[in-house]
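User: Please take a close look at one part of this model and describe how its side chains are placed and paired.

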Amino acid sequence: MEVRNCRNCGRLFNYIGGAPLCPSCTRELDEKFSVVKEYIYNNPKASIQEISDDNDVSIQQINKWIREERLCFSQDSVVGVNCENCGAMIRTGRFCPVCKEKLASSLGNAYQRHTEPVQNKDQRDNPRMRFLDS
């Protein structure tokens, strides 16, 4: 197991994976997420700045939750982020539905191309027993 310092408070902890936060800071961040989610549910037209100010959470953390698809905003909300590929306004995630579909189909095509059987060009390499003369 690896021992690291918490990125938030600096305490040592056994790092297993994920964000380099100690268990108490992770618990605190999860509680803040629950508060922010409830706030967005009760105030659907609030801006990111209002959400940040009223809940003592950084704008970067809110954007991270949006990109991770943990937070989703309604269609009438003023909050949105840009698709990382085409720049279209989206309510959650990293890519718009059109770009997600293009990405999925291109990955599917790449997988199909690499799974086709490879033809042996040289017939001498077929599996057969060989004898050496002494």
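Is Cys99 buried or exposed? Please go on from there to the salt bridges and the nonpolar core.

Analyst: Cys99 is buried, with a relative accessible area of 7%; buried means under 20% relative accessible area, exposed over 50%, and partly exposed in between, with a 1.4 Å probe and protein chains only. The model is predicted, so local features need pLDDT of at least 70 and side-chain atom pairs count only at pLDDT 80 or more, while totals for chains, interfaces and linings use all residues. Residues are numbered from 1 along each chain as its sequence is written, and side-chain values use heavy atoms, with hydrogens and water left out.

The structure holds zero disulfides, a disulfide being a pair of cysteine sulfur atoms within 2.5 Å. For Cys99, the nearest cysteine sulfur belongs to Cys96 and is 3.4 Å away. For Cys25, that of Cys22 is the nearest, at 3.5 Å. Cys25 is buried as well, at a relative accessible area of 6%.

Salt bridges come next. The structure has five of them, each a side-chain nitrogen of Lys or Arg within 4 Å of a carboxyl oxygen of Asp or Glu. One joins Glu69 to Lys100, at 3.2 Å from N to O. Glu69 sits in the loop between H3 and E3 and Lys100 in helix H4 (residues 97-114), so this pair ties together parts 31 residues apart in sequence; helices (H or I, at least four residues) and strands (E, at least two) are DSSP runs, numbered from the N terminus. Glu69 is partly exposed at 44%, and Lys100 is partly exposed at 38%.

Another bridge pairs Glu84 with Arg94, at 2.8 Å from N to O. Here Glu84 is in the loop between E3 and E4 and Arg94 in the loop between E4 and H4, 10 residues apart. Glu84 also bridges to Arg67, with the closest N and O atoms 4.0 Å apart. Through shared partners, Arg67, Glu84 and Arg94 form one network. Their relative accessible areas are 26% for Arg67, 42% for Glu84 and 41% for Arg94.

The largest nonpolar core has 19 residues, and Ile66 is among those with the most contacts inside it. Such a core is a set of buried Ala, Val, Leu, Ile, Met, Phe, Trp, Tyr and Cys residues joined through side-chain atoms within 4.5 Å. Helices H1 (23-42), H2 (48-55) and H3 (59-67) each give it two or more residues, and H1 gives the most, with four. Apart from it lies another core of six residues, including Cys22 and Cys25.
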